[in-house]
Amino acid sequence: MSTHGNMTEQSVPNGLPPQFGKSNIMTPLLPFNGVDSSHSSRTSSPANRIQQIPASQLPPSRTVIPATQLPPSGMKPGFSVNQVTQNYANLSISQTTPLSSPKIQPFGTSTPLLNISKNDLPAEGISPIHAQNVFKHSIQSHFMNVPGSANNTNGRHQHEPSIQEPSNNLNTQNLMQDKPTMRQSLSQPVMDKQMQKIVLPPNQNQIAKQPINFGSTPNISQNPSQKFNHNLFLNQNVPKTTSQSKIPATIPFTNTPPVMRTTPIPPQKVPYITPVQQIQQNSIPQPFLPPPLQSINQQPAAQSSNVPPSNIIQPPKTNLHANRYPVSPQIQNNLPLQSHYQNFAGSQVQQQQRQNVFPNQRTSNVVQAGFNKLWGQENLDLLQCPNILPPTKVEPPRISLGQEFLDAANCSTDIFRCTMTKIPESTSLLQKSRLPLGILIHPFKDLDHLHVIDCSTIVRCRACRTYINPFVFFVDMKRWKCNLCYRVNELPEEFQFDPETKTYGDPSRRPEIKSSTIEYIAPLEYTLRPPQPAVYVFLLDVSRAAVESGYIHTFCNVLTTTLGNLPGDARTQIGFIGYNSALHFYSLADGLNQPHEMTVLDIDDVFLPCPDNLVVNLQERKELILDLLTQLPTRFNNSYDTGSALGAALQAAYKMIASTGGRITVFQSTLPSVGPGALTVREDPNHRAGVEVQHLNPANDFYKRLALECSCQQIAVDLFIVNSQYVDLATISGISRFSSGCIYHFPLYKASRILQAENFERNLKRYLTRKIGFEAVMRIRCTRGLSIHTFHGNFFVKSTDLLSLPNVNPDAGFGMQVSIDESLSDLHTVCFQAALLYTSSRGERRIRVHTLCVPVASTLPDILASADQQCIVGLLAKMAVDRSMQSSLADAREAFINVAIDILSSYKLSLNLGTDGGGLQVSNCLKLLPLYISALLKHTAFRTGTSTRLDDRVKAMCDMKTLPLYSLIQQIYPDLYPVHNLLEQSIVLNVDGEEIPQPPHLQLTARCLDSKGAFLMDMGEQMIILIGPSVSEVFLNEALSVSSYNSITDQMYSLPILDTLLNQRLTNFINHLNDQKPFSATLHIIRENSPNRSIFIERLIEDRIETALSYHEFLQHLKTQVK
Amino acid sequence: MVFNFPAFSYIIALIGDAFLIFFSLFHVIAFDELKTDYKNPIDQCNSLNPLVLPEYLLHLLFNVLFAAAGEWFSLLINMPLIAYHINRYRTRPVMSGPGLYDPTSIMNADTLTRCQREGWIKLAFYLLSFFYYLYGMIYSLIST
C-alpha cells in the first residue's frame, strides 16, 4: 500500500497518470497540465496552426533535422506501457465523455492514494464514491496538511464495495442536489465553470513548502556555505562554527521571554516582529523557517484555504469551503499572526471582523459574497498607514497554476518574473487595469543547482522551436503538444528513458519536464563555428588623470591574484593595451625576458604594430604577464600626457580579437579627447540641479557603431569608469550598451579613499572571476497571441525575438515589454520561454532554458489582485529611462506619477465604491507601488532639483536598464534595519548553524531613526551603519569595540571581530545580507554627527527635502488626482 | 497643344513620382522583412539609409518645379509631406552618416510599426498623386 502510494505521489506531480493501472482512477486528471483541453483551442487541428507560425521563430542555424531527432519508426515498447499509453491517449483526447459528469470527478481525484486495481473499476471514469464523502476528504486532506492521510484511504476502501452497486446515479443526484444550494449561497454564475476546473486539490503541505523548495526567498539554508569565504569580516581567529553556535542556541530561547519587547521608537507603529512569531519559529523544529509567506500575509485566510487554486481564483469560490466546513485550526492560527504583520488600524479591524464573521457565515450568504469579494483584495487606505513596508522581505507573489506540480515546476521568481501573476485575456482588459505588462529576466544568474542535460537530441517543437518544458501537454507516450504554438510533435525514443532511475517509461520523469530551468549541452548543430576560447583584452587608461587616481595599481594587484581564477580553459588568451594620447601595445612573445612595449602615435588610422603576441595564451606566458602587471603601475608615473584616445584603443582591441571574439575591459578615467571618438565637455556644472536635463543622449554614434561591429564579431566591451571629471558616459556607454557589456562607475575615484578602493576591488574581483558566457544569443518565445514589444537591457536586438549577447554575465538582467496581439480568452495559461545559447568558458556550447507559465484571467479585479508591485516598478523604471532619452526627463517623471494615478484609479474603479471612499484605497499587492514610485522620483536617475552629475545620472539610468530586479529594488529603496537591539530580535539558524537575527525592515524616514539606536542601511554594494549619539555603551563596547560615541572615527570601514554575542549577531547579520549578493558590500560606520552622515540622510527618501515631496505629500498629491 | 513649363514640371513630377513609388515599395518590403526576421537590422539599415535623402530630394525637386511653374495647388498638396520630411530628418537619431534608421532602435515594435505605416501611407499618397500629375500634365498640355 505504502509503496503504491508513493508511486502515485510521484507520478501525480508530473501531470501524467501513474502507469500502474490507475488510468481509470485518474480520469479526472484529464484537464491536462492544468488546462482543460476541451475548452481550449488546443484540440483544434494543429495543422492549421503550423502554417501560421512565422518562419522567424525558427532558430538562426536552421540546419536539417538530423535523423536522430526524427521519431523512431519501428518502436515497440513493452505491452503494458503501450496499453496504458493507449488508455491514456484515448482518455485525454476524448475529453467530452469523462467530463460529462464533471461535478463529481474533480473531487474524486482528491484522493490519489488509492489502491484499487484497474479491473475493479468500471471503465467509465465516473467515481462511484459518495460525493459528499469525497468532497469532505478533499477538504480534510487539504486542511490537515496531510497529503492523503490513512483516514482518507480507509474511507475509500469502505466505499469500494459500492462500486458495482447501482447507487451510482443516486450519489450523483445527491451531489446535484447539493449543487443548487451552493450556487445559491454564492449567487454567482461563475460557480459552475469553476467547479469544472477544479482539478486536483493540492494539499496545503506542499504549498507551504514551496518557498523552501524553490528558494525564491534567498534563505540561508540554501546558500552555499562557501560564500562565507569572501565575506566582509574574514577572521580566522574566531572559531565561528561550533563553539559559538552553541551559545546562542540556548540564549535566545531563554533570554527572550515571550513578552513584547520595548521598542525604542514607540510613537510609530514600526512593524517589528512580535513575539508571536518568535514563538512559532522557536517551536518549529526546522532549522530555518521561511519568512512568513506573503501570500498568507496578503490574502485573507479564506483565500489561503482555497482548495483548488484553479486558473480563476475568485474570492467567492474560496468561501464555498468556508461556508460549508469549519475553518481549520491552522488557518485560524494564521489570523493573529497576520494582524501582527499589518499594523494598520484599518486592516486590523477588518480582520477582526472577518474572524467574527466566520461563525455566522451560513446565514446571510448573499451579503457575504459581496463582503468576501472585498476581502479578497483586502484594500487598505494608504494615507492612514504610514508604515506600509512589511517587516520582512517583500515576497514576490506566487503564480498559481492550479496544479501543485506545475506550480513547483514554474520558473523561480529570481530568474523570471512577470508584472502580473495572471495575464489579462485581452488588450482592452490590460488597458483597463492600467498595469504595464512585461517580464523581467535574469537568465544567467548564478544558480546553486541546475539540471544539466547532455543528450544527442534536444526535444523541441518542430514548428516554433520551443524547448520541451514542464508545461507541454503529452498527447500520449510518443507525442507531445507544444504549449506555445500547439503543434503536436513526436517524442524521440530516448526521451522515455529516465536518466535518474535508468529506466524506460514515463516521459514525465525527465528533468526537462520536472524543472523549468534547465541547461543542455548543445550538440554540434548549435555551433556555427568551433567554440571560441576565452579571450580577454584589458584597455588601460594611462593618462595623467588615471595615474593620479591610482586605479592601475589596484587593477594590477587584483588581476595578479585572480589570474589563475579567470574563467577559461587551457586556450585562454589575454592581452593589454595602454592608451593616453598614444597607444601602448605590449608584446608578450615567447622567449622574451620581459614584455616589450610598442607605442603607436598614429591614432587616426589605427594599426597593430605586430601581427601576433599581443594577445597571448595565459598559461604559456604567465611569467611575462605577471612581469607586465608588476611593471605597469609605475610605468607611467612620470608621464604627463592628459589625452585619452579611447576610440583608437577600442579599434585596436577590436582588430586584435575580431577573429575570435571575446571580452574587452576598458578602464577609463578621463574624457576621450583625441583620435576617433573624441568628445567634448557637454555638461554645464551650473545646471546640474536644473529641471531640464540635457545631453542624456550620445553626442555621436562612433561608440554605438563600433559596438555593433564588436557585437557582430562576438566581442563585448565592459567599462570601468574611474573618473574624477565628466567623461560623457552618455556617449561612451554606447560601447557597452549595444555589445552586451556592463558598466561600472566609481565617481571621483581615488585609490587613497579606502572605501572607494575597497568597492572597486570587490567589484573587479567579482567581475574577473564570475562566470562568463561567450558568443551568446537569447531568444524569448511566448505563446501565440503575445509578442515582445520592447527589450530593455544591454544587447543588440537581432530580430523580433532574438537578442545578440556577445558576452553574457551572471549579473545582467533584462526586461521585456509584452503586448497582447490576439485575444487569449480561449487559453488558460500562457508561457514565456527564454533560451540562452552560449559558449561556456570551457568551450562547451550550452543552452539554458527558462520557462515561465502564467494563467490567464478575464476579470479586472483578478488582474489587479495579481499585480507584482516590485516587478512593475522594475519595468516602469526601464520604460522611464527610454522615455527620458527619447523625450525628456520631465516627461518620464510625469509618466511615473501618471502610472501611479492610473493604477490607483483603476483599482478604485474596480472596487466600485463610488466617490465615498475617503482615503487612497489600494490593494495589498499594490500597496508599495506609490512608495517605490516616490522613491524612483528621488533616485539619482530621475531626480531634479538636487545637484546631480550627468555621469552619475546616466550610470543610474544604465543600472535601471540592466540590474536584476532584487538589486534594482535595493537601489531604489534601500533596506533599513535597526541593529542596536539585535539580541532581542528573533533569530533563525542558517545552514552553518549560525544565528541570524531578523530585525524588521524600517521605512526610510527619519522618524524611524532614534538617537538611542544604530541603523544599518543596505544599498546593495554599500552598507552604512549610522550610530545614534545616545546609543548604549554596551552596544559600542560589545558590537563595535569602541569606548565611547566620540571615539568612532570617520574612517571606520569594518566591524571588529569580538567574542561578544552582540558582535557575533551583527557580524552574522551582515554576512547574511552579503550572502544574497554577488559580492559582499562595503561597510561604513558613521556617527550621527560626522560629516559623512549626509550619505545616509540623503537616502531617507520618504522625508521631504527642499526640492522634492515627502512620501506623504506625494500620496496627498495622488489623492487629489485619483478620480 | 503647347509644351510649356507647367507641362514640363508635371512630366518631371510623373517620372520622379514613379521612382518615389518604387522607393516606398522598397521601404514597405524592407520593414516587412525586418518584422519577419529575414534580415539583419544592421544590413537593412545600411540598405535603407542611403535612400532616404534621395527620396526627400527628389520629392523636393519637382515641388520646386511646381513652385517655379506656379502650380500652387500641386505644391499645396505636397507641402505637408515636405514639412513631415524636414521634421523627420531633423529629429533623426544621432548618427554620422545620412539616413534615418538606427539599427539599435529599429527593432522596437513601436518604431517598426510606425515605419511600416509610414511606408504604406506614402505609397498610397505617391500613387494617388501619380494620377493627379498625369491629369495635370494632360490638362496643362491641352489647356492652352
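Chain B of this predicted model is built from four helices and has zero strands, where helices are DSSP runs of H or I with at least four residues, strands are E runs of at least two, and both are numbered from the N terminus. Following the sequence, you read the pattern α-α-α-α. Of its 144 residues, 45% count as buried, meaning under 20% relative accessible area with a 1.4 Å probe and protein chains only. Contacts here are heavy atoms within 4.5 Å; among those in chain B between residues at least 6 apart in sequence, 77% join residues at least 24 apart.

Now turn to chain A and find helix H25, residues 702–712. Eight of its 11 residues are buried, so the rest of the structure largely encloses this helix. Among them are A:Phe702, A:Tyr703, A:Leu706 and A:Cys710. Just after H25(A), look for A:Gln714, which takes a positive phi of about 60°.

Chain A also holds an open sheet of three strands in the order S6-S7-S8, with antiparallel pairing; strands pair if DSSP finds at least two bridges between them. S6 (473–476) and S8 (488–490) are the edge strands, each with a single partner, so one side of each has no neighbour in the sheet. S6(A) pairs with S7(A), residues 479–481, over three bridges, and A:Phe473 stands opposite A:Lys481 in S7(A).

A note on conventions: residues are numbered from 1 along each chain as its sequence is written, and chains are lettered from A and ligands numbered from 1 in the order written. Local features need pLDDT of at least 70, side-chain atom pairs count only at pLDDT 80 or more, and totals for chains, interfaces and linings use all residues, while side-chain values use heavy atoms, leaving out hydrogens and water.

Notes. Buried means under 20% relative accessible area, exposed over 50%, partly exposed in between (1.4 Å probe, protein chains only).
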